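This report goes through one structure part by part. The sequence and the model are shown first, and the description follows.

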Amino acid sequence: MNTSSRIRLSEFAVEALVRVAGFSTIGFVLLIFLFLLREGIPVFLQVPLDNLFGTRWYPTFDFFGTLPLILGSLLITFSAIVIALPLGVAAAVFVREVAPNWAREILKPMIEVLAGIPSVVLGFFGMSLVAPLIRTTLGVPTGLTAFTGALILAYMALPTLISVAEDALDSVPKSYRDASLAMGATQWQTIWRVVVPAARSGILTAVMLGMGRAIGETMAVMMVTGNAARMPTTLDSLFRPVRTMTATVAAEMGEVAQGSTHYHALFGIGIILFLITFLINLAAASAIFQKRRRGGLR
Amino acid sequence: MTDRKSQIANRELDGYPEGERLEAFLSRRAGAGQIGKALFLGATVVAIIVLLALLYNVVNESFGYVAYRNKVEPEALVAEYYAAGSVPAGVLSAGEVRLDALPPADQIAMLKAHISAGRLRALEAQQPLAQRPSAELAQLLAAEVVKPEIVATWTLVESLFARAEISAEAQQIANARLDFRSWVTPAFLASPQSSKPELAGVRTAIFGSLWVTLIAFLFSVPLGVGAAIYLEEYAGNSRLAQIIETNINNLAGVPSIIYGMLGLAVFVRVLEALTSGKVFGLVDPTTASGRTVLSAGLTLGLLILPLIIINAREAIRAVPHTLREAGYGLGATQWQIIRAHVLPNAVPGILTGVILALSRALGETAPLVVVGASTFIVIDPNGPFAKFTTLPIQIYQWTARPQPEFQHLAAAAILVLLVLLLAMNATAILLRNKYVRNY
């Protein structure tokens, strides 16, 4: 074999290899989807829909009502975002627009460290410090409430929110700031009336990504929310124990018999969770496209 | 909308005041700016305070006074064996009994006098006592004869500021001794899991974490870097490339627990023959199922794959086009250029991404709970087909126990985990700052 055909062969082999690597990602998404469906679909056939979307989750008595779990997840996620959004945007503005250079050099790695804190650590923090604090200050019977979970989740979503929102602020052209300052606006007016509105779609993306992170979180939520599968429909539900989809799967998957209705029901919860996060991610992606189409304007 | 805007514009243009009123207007405007800045700073400070509270919480639980009761007091042990005045030098130092200062022959004699014959045979079978070093014999004496049992614990803050109350409380407990201890000790790192909090350690968990992370690394790095090369260098802007990109973004957004469910359904159940090592003829009766290091590692490998691809793509994209064009100009093939120019320039960036992804894998718990980590193992995992537990799972299991001693152990294990993660993150950040070049 001469040199040129040997080179051609190795080119071909390498290209084939990396192509397989690239295509494998499609394979993995399909794999996740197929196996979720394969293990989860039976529950939709075995259990009548009014039971499946009922209000009681007692798998040992054949009650597979997923509604309290779904509402539990949504309650915690939305409360967490309501807490984290103002904090995250304000912190992003501080890091990007206000802070002096030396502070930025310290704060940015700190945000990354924050993002790297494992969820069990935050769960421990929630259990041993936040929950007792909530119990004593609010006078509720247990500190393991939806609100505790929302606080911990807000803190977990914060680094995602800050860094994506900061990128959005970063992509606002400098000419906008210059123009506003040249018109005599103060720095505060420039930030509040020009820069933040211009970065609006990016901030929306940040919210979506933070939400995706929060709804899929398991360990911290399981450790601090008390895990009682009750419908969070009353006003004080925020200060009562609640149970999420993720915590249910993590807590019960170890004990179910493979192939039982309960096992399929847990995979059914997986399908619902997957669909919700898929929609959230889709929304985040479309917010990004919106920004691109309009060139960073509002 | 436009109406409101023009209103605002009119108010600000027409109503621009003069003289003193201008001064007042300006100072009001500056005041609003100051308040705004204070709010921004406040948000950042809140985030930092919570971080400090978290660290305070962990450190507070990791150190502090413990009251413990010995089954056999070390003084009694020494007094029983030596006549007064003939105690070897160094054993009684500063009011404490140092068992490791005893001569090995005497240590063995003490062990033989206090341990049951059956237990002694088991110990001799592990390694004959005569061959063990003096320090290990001292540990054995402490664990098998002195048998300290913790009866009460206090946190660091209590220990520092309420010393008097603590010693008063400790005196109420019969035969209790008060000691200030750090829950993170060399023995904590070196001992396996145990149901007794005073003897429990994290060695098996650390080895488990290392094995699982290693498997995840071996699986995801070649695949991830390969996929990144394909997407950046070969795929172009085709429809297929866009589909793959969407897929990767989707994978990155999938909750970690779903990966756990996939791992359970695919690696533990469908591929059981492979992940339990049956196809390689390794049938270990204790790990008959697929809940092994391999299943866990592959699950975490899938989990970090999108992170690695996204970071590697960014690193490859940052290599300037002129480098590639210069290569083509000299007649090099595409792979030659990638291998000799693109990859070497992208390696620091790729490595940073890999380290960050691995630190994510190291801290991940939920998917491994679903895949089926062992709740209690005392033997180090010795290969891909062994049962496993990891550091975060060990922490979770300790926090689930009601006894306060285990909360201290959990805090100590968290300290170990955080130090590991911080070291990895710091390496990644330094690597990036040092080597990532701006062309």
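## A loop residue in chain A

Asp62(A) sits in the loop that links strand 1 (57-58) and strand 2 (63-64) of chain A. The structure described here is a predicted model. The phi angle of Asp62(A) is near 60 degrees, which is a positive value in a residue other than glycine. Most residues other than glycine have a negative phi. Asp62(A) is exposed, with 12 other C-beta atoms within 10 Å; a residue counts as exposed if 12 or fewer such atoms lie within that distance.

Asn227(A) also has a positive phi, near 55 degrees, and it too is a residue other than glycine. Asn227(A) is placed in the loop between helix 10 and helix 11 (245-252) of chain A. Asn227(A) is partly exposed, with 17 other C-beta atoms within 10 Å.

## Chain A as a whole

Chain A contains 12 helices and two strands. Along the sequence, these elements follow the pattern α-α-β-β-α-α-α-α-α-α-α-α-α-α.

The C-alpha trace of chain A spans about 80 × 70 × 35 Å along its principal axes. Chain A has 298 residues, of which 49% count as buried. Among the contacts in chain A with a separation of 6 or more, 75% are between residues 24 or more positions apart.

## Chain B as a whole

Chain B has 19 helices and five strands. Its radius of gyration is 31 Å, well over the 22 Å that the globule rule gives for 439 residues, so chain B is more spread out than a compact globule. Along the principal axes, the C-alpha trace of chain B spans about 100 × 75 × 40 Å.

Of the 439 residues of chain B, 38% count as buried. For contacts in chain B between residues at least 6 apart in sequence, 75% join residues at least 24 apart. The domain assignment divides chain B into domain 1 (88-147), domain 2 (154-180) and domain 3 (203-435). The C-alpha centres of domain 1 and domain 2 of chain B are 29 Å apart.

## The sheet in chain B

Chain B holds an open sheet of three strands in the order 4-1-5, with antiparallel pairing. Strand 4 and strand 5 of chain B are at the edges and have a single partner strand each, so one side of each is left without a neighbour in the sheet. On average, neighbouring strands of this sheet are turned by 45 degrees against each other, direction ignored.

Strand 1 (residues 63-70) of chain B has six of its eight residues buried, so it is largely enclosed by the rest of the structure. Strand 1 of chain B pairs with strand 5 (residues 177-182) of chain B in the antiparallel sense over six bridges. In this pairing Ala67(B) stands opposite Leu178(B) of strand 5, and Gly64(B) stands opposite Arg181(B) of strand 5. Strand 1 of chain B is also joined by five bridges to strand 4 (residues 148-153) of chain B, and the two run antiparallel. Here Arg69(B) stands opposite Glu149(B) of strand 4.

## Where the chains meet

The contact between the chains takes 70 residues from chain B and 66 residues from chain A. On the side of chain B that touches chain A, two or more residues come from each of helix 2 (19-62), helix 10 (203-234), helix 11 (239-253), helix 12 (256-270), helix 16 (334-363), helix 17 (366-371), helix 18 (391-399) and helix 19 (404-435) of chain B. Helix 2 of chain B gives the largest share of this side, 19 residues. By type, the residues on this side of chain B divide into 47 nonpolar, 19 polar and four charged.

## A covered helix

Helix 18 of chain B is among the elements on that side. Helix 18 of chain B is mostly covered, with nine of its nine residues buried. The buried residues are Leu391(B), Pro392(B), Ile393(B), Gln394(B), Ile395(B), Tyr396(B), Gln397(B), Trp398(B) and Thr399(B).

Technical notes
Residues are numbered from 1 along each chain as its sequence is written. Chains are lettered from A and ligands numbered from 1 in the order in which they are written. This is a predicted model: local features need pLDDT of at least 70, side-chain atom pairs count only at pLDDT 80 or more; totals for chains, interfaces and linings use all residues. Two residues are in contact if their C-beta atoms, placed from the backbone, lie within 7 Å. Helices (H or I, at least four residues) and strands (E, at least two) are DSSP runs, numbered from the N terminus. Ala, Val, Leu, Ile, Met, Phe, Trp, Tyr, Cys and Pro count as nonpolar, Asp, Glu, Lys and Arg as charged, and the others, Gly among them, as polar. The radius of gyration is taken over C-alpha atoms; the globule rule is 2.2 Å times the number of residues to the power 0.38. A residue is buried if 20 or more other C-beta atoms lie within 10 Å of its own, exposed if 12 or fewer, and partly exposed in between; C-beta atoms are placed from the backbone. Two strands pair if DSSP finds at least two bridges between them. Axes are lines fitted to C-alpha atoms, for helices over the stretch in contact, and angles run from 0 to 180 degrees between N-to-C directions. Domain bounds come from an automatic or database domain assignment.
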